[in-house]
Amino acid sequence: MSELVIMAETEKSAGSNNVEDILTKIENKSLKIESLIKQYKPIEAIKTALESYPPQDERCKYANWIGVRKALMAIKDVEGILRSLDPQYYDILMKYVYRGLSTGVRTTCDQCLKSHEKLTEKAGFGCILRCLADTVNTV
């Protein structure tokens, strides 16, 4: 019985280390996003922010959201960004737009509403439906 407890503790700590490694990667990605924003490269910043879903760990999701929010808030020309953004990013971006709207922070909500309008025009209503229907890859 004690062997099972030891194995469970080992797996638990390995998972914890994995989350810590992922958080470190997300932090590095966030620093890259900040650097791209300072270099006036919002397209690259948003692409970097939208790359790969964080795991289902809430700390990882929140850390990733912070980087995406920085990139979203740096966008001045939403239409221009969407013209330059690959369509593969539309559904992911819409998920983060809804996450931003759920914060209730006025500046974030204003930017997310503007992005939602332009993204819906560009990607269509299917983008909204896919975003809301996907309960596995949450942000």
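A crossing of two helices is called left-handed if the near helix is turned anticlockwise from the far one by less than a right angle, and right-handed if it is turned clockwise. The model discussed here is predicted. In it, the crossing of α3 and α6 is left-handed.

**Helix α3 against helix α6**

- Helix α3 spans residues 58–74 and helix α6 spans residues 106–123; their axes come within 10 Å and cross at roughly 70°.
- Angles of 65 to 115 degrees count as roughly perpendicular, and α3 and α6 are therefore roughly perpendicular to each other.
- On the α3 side, the contact is made by Trp65, Arg69, Leu72 and Met73. On the α6 side, Thr107, Thr108, Gln111, Cys112 and Ser115 take part.
- Sorted by class, this contact between α3 and α6 comprises 4 nonpolar, 4 polar and 1 charged residues.

**Helix α3 against helix α5**

- The axes of α3 and helix α5, which covers residues 90–103, come within 11 Å and cross at roughly 95°.
- That angle makes α3 roughly perpendicular to α5.
- From α3, the contact draws on Lys61, Tyr62, Asn64, Trp65, Val68 and Leu72. From α5, it draws on Leu93, Tyr96, Arg99, Gly100 and Thr103.
- The contact of α3 with α5 has 6 nonpolar, 3 polar and 2 charged residues.

**The largest cavity**

- The structure holds 1 cavity of 30 Å³ or more, and about 40 Å³ of space lies in the largest cavity.
- Its lining is formed by Leu72, Ile75, Val78, Ile81, Leu82, Leu93, Ser115 and Leu119.
- Of these lining residues, 7 are nonpolar, 1 is polar and none is charged.
- Helices α4 (78–84) and α6 each supply at least two residues of the lining; the largest share, 3 residues, comes from α4.

**The largest pocket**

- About 150 Å³ of space lies in the largest pocket.
- The residues that line the largest pocket are Ile37, Tyr40, Lys41, Pro42, Ala74, Ile75, Lys76, Asp77 and Ile81.
- By class, the pocket lining has 6 nonpolar, no polar and 3 charged residues.

How values were computed:
Residues numbered from 1 in each chain as written. Predicted model: local features only at pLDDT ≥ 70, side-chain atom pairs only at ≥ 80, totals over all residues. Heavy atoms only, no water. Axes fitted to C-alpha atoms, helices over the stretch in contact; angles between N-to-C directions. Helix = DSSP H or I, 4+ residues; strand = E, 2+ residues; numbered from the N terminus. Parallel < 35°, antiparallel > 145°, perpendicular 65-115°, else oblique. Contact = heavy atoms within 4.5 Å. Nonpolar A, V, L, I, M, F, W, Y, C, P; charged D, E, K, R; others polar. 1 Å grid on protein atoms, 1.4 Å probe; cavity = no way out; pocket = protein on both sides within 12 Å on 5 of 7 lines; lining within 4 Å. Points joined across faces, edges and corners; volume = space filled by probe spheres on them.
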